[in-house]
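Subject: Structure handover

Hello,

Here is the structure we spoke about.

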Amino acid sequence: MRPSPSPSQEETGAGEDAQVVVVGAGPAGSATALHLARAGVDVLLLEKGGFPREKVCGDGLTPRGVHQLVRMGVDIDAPGWTRQRGMRWVCRGREVLIEWPSLGRYPDFGLTRSRYDFDQLLAEHATAAGARLRTGVKATAPLLDRSGRITGVHAEVGPQGRPAVFRAPLVVAAEGASARTALAMGLERDTRRPMATAARRYYRSPARADDPYLELWADLRCSRTDRDLPGYGWIFPLGDGRVNVGLGALPHRRHGAVDLRGTLERWLARLPEEWGITEENADSPLRGAALPMGFNRRPQYGRGLLLVGDSAGMISPWNGEGIAQALEAGEIAAETVAMALTRPHGPRREQALRRYPDEIGRRWGRYYRLGNLVAAQVLGRVGYGPLLHDRVMDSPLLLAAMARLLTQLTDEPSQDGIDTVLNTLIRLVPAR
Ligand SMILES: Cc1cc2nc3c(=O)[nH]c(=O)nc-3n(C[C@H](O)[C@H](O)[C@H](O)COP(=O)(O)OP(=O)(O)OC[C@H]3O[C@@H](n4cnc5c(N)ncnc54)[C@H](O)[C@@H]3O)c2cc1C
């Protein structure tokens, strides 16, 4: 086990002050802290756990996520990363390969890496840029001034849970799905937005571990109800002899939550034996977690608090991807905060901070609104099978368009015909 990238709070004494406190050192928190530190802002990054540590995830990054890693200066040529050329969709006995597009803006490959050390690597990047990371520090409640504005957090430090206070004029909540600080500030989740569940397990599978494609299955059936899975299954190669195998599902409107374990077992029984995705080759227990989607917590800025990543339900309702969004939102939050801090405390600074939700809305608002609708009306009822209709599977152009719609791989101004069609489609969605 490598040592934690910075001393734990236990070793550094009681609470501290900074210009910004970021709670949670997952992708959202580390990206925010890194970009803030690069802008010269004094930032404290609080993490309740230590590194390395498990995080339940599919471990897959689309080119949009890779783009953000490159912007963060992460060395994606170093050992530990596995590249993919695209996706392989399997449906009704057929399979199709879809290459990641060659767009000017995004790289033409995806990456996988286990979250076990991925998150540590990002946190180390943040500290190398100047952020002060404190592990073993669990934020327990917001610290409020008389007007109800957040001015820091109360925390428990170390295994003994020693109380401490971390103060800053601005706080970023990046605590993932638990969204503790946001909830304590009265920001409940919008239950009309989709909330999927997903589970994953690692298997030793030398036969599949170096696959140059992310594999996705669109025709799975639920174990108990025998209905179409309102989601998909995945097999993501990790390049180290293992694969990450899992499935995710939206709650079915009438049939409620899906039995993920039973459905996974039923699916795995269909896989060729030579892939080795069997009980004997399992390398971890099956673990599941919730996926807050479609901007299910708002406002993303208010009373000194910015929400980034899963804390704000930023997972895409189109495909369950959340790392790229967490990294990108972290960069937007950091840029907004750095600009706002050039203004004096008061209305002019508040005006600058409101740019954060505005910019999030500009990049994702219409796309997510349409995604929420598609998730409720199609994916949450019958899954991804209809998107892979035979006519779509027979057409490389339609397949490419579908893949780019699901992963938001479009450029503006439009680079090709698919960009033009998708950008027009999204523009037709009414603004909020
Ligand atoms: C089964 C599954 C598969 C998935 N597969 C993919 C995939 O393949 N690709 C993809 O892009 N996305 C995937 N996602 C979504 C992705 O995991 C999340 O969107 C992403 O991790 C969000 O990052 P985050 O930083 O917002 O939150 P998190 O990654 O949850 O990080 C939050 C951090 O905050 C810390 N924390 C929490 N509370 C406190 C506190 N009170 N005080 C201090 N620290 C605290 C936590 O310890 C953690 O380190 C998947 C999700 C699931 C459940």
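Predicted model: local features only at pLDDT ≥ 70, side-chain atom pairs only at ≥ 80, totals over all residues.

Residues are numbered from 1 along each chain as its sequence is written, and side-chain values use heavy atoms, with hydrogens and water left out.

**Ligand site**

The shell around the ligand holds 39 residues (a heavy atom within 4 Å of it). E47, R53, G58, G60 and D310 come nearest. By class, the shell has 19 nonpolar, nine polar and eleven charged residues (Ala, Val, Leu, Ile, Met, Phe, Trp, Tyr, Cys and Pro count as nonpolar; Asp, Glu, Lys and Arg as charged; the others, Gly among them, as polar).

A polar backbone atom of G60 is 2.8 Å from a ligand nitrogen. A backbone N or O of A139 lies 3.0 Å from a ligand nitrogen. For I323, a backbone N or O is 2.9 Å from a ligand oxygen. The protein covers 94% of the 1,000 Å² of accessible area that the ligand has on its own (Shrake-Rupley method, 1.4 Å probe).

Domain 1 (9-82 + 112-191 + 293-365) and domain 2 (195-291) both give residues to the shell, so the ligand lies between them. The domain bounds come from an automatic or database assignment.

**Helix α9**

α9 spans residues 355-382 (helices are DSSP runs of H or I, at least four residues). A kink of about 55° is centred on W364 (the angle between axes fitted to the seven residues ending there and the seven starting there). G383 follows α9, with a positive phi near 75°.

Best wishes

Definitions and conventions. Polar contact = N/O pair within 3.5 Å; in protein donor to acceptor, adjacent residues only side chain to side chain. Helix = DSSP H or I, 4+ residues; strand = E, 2+ residues; numbered from the N terminus. Expected span 1.5 Å × (residues − 1).
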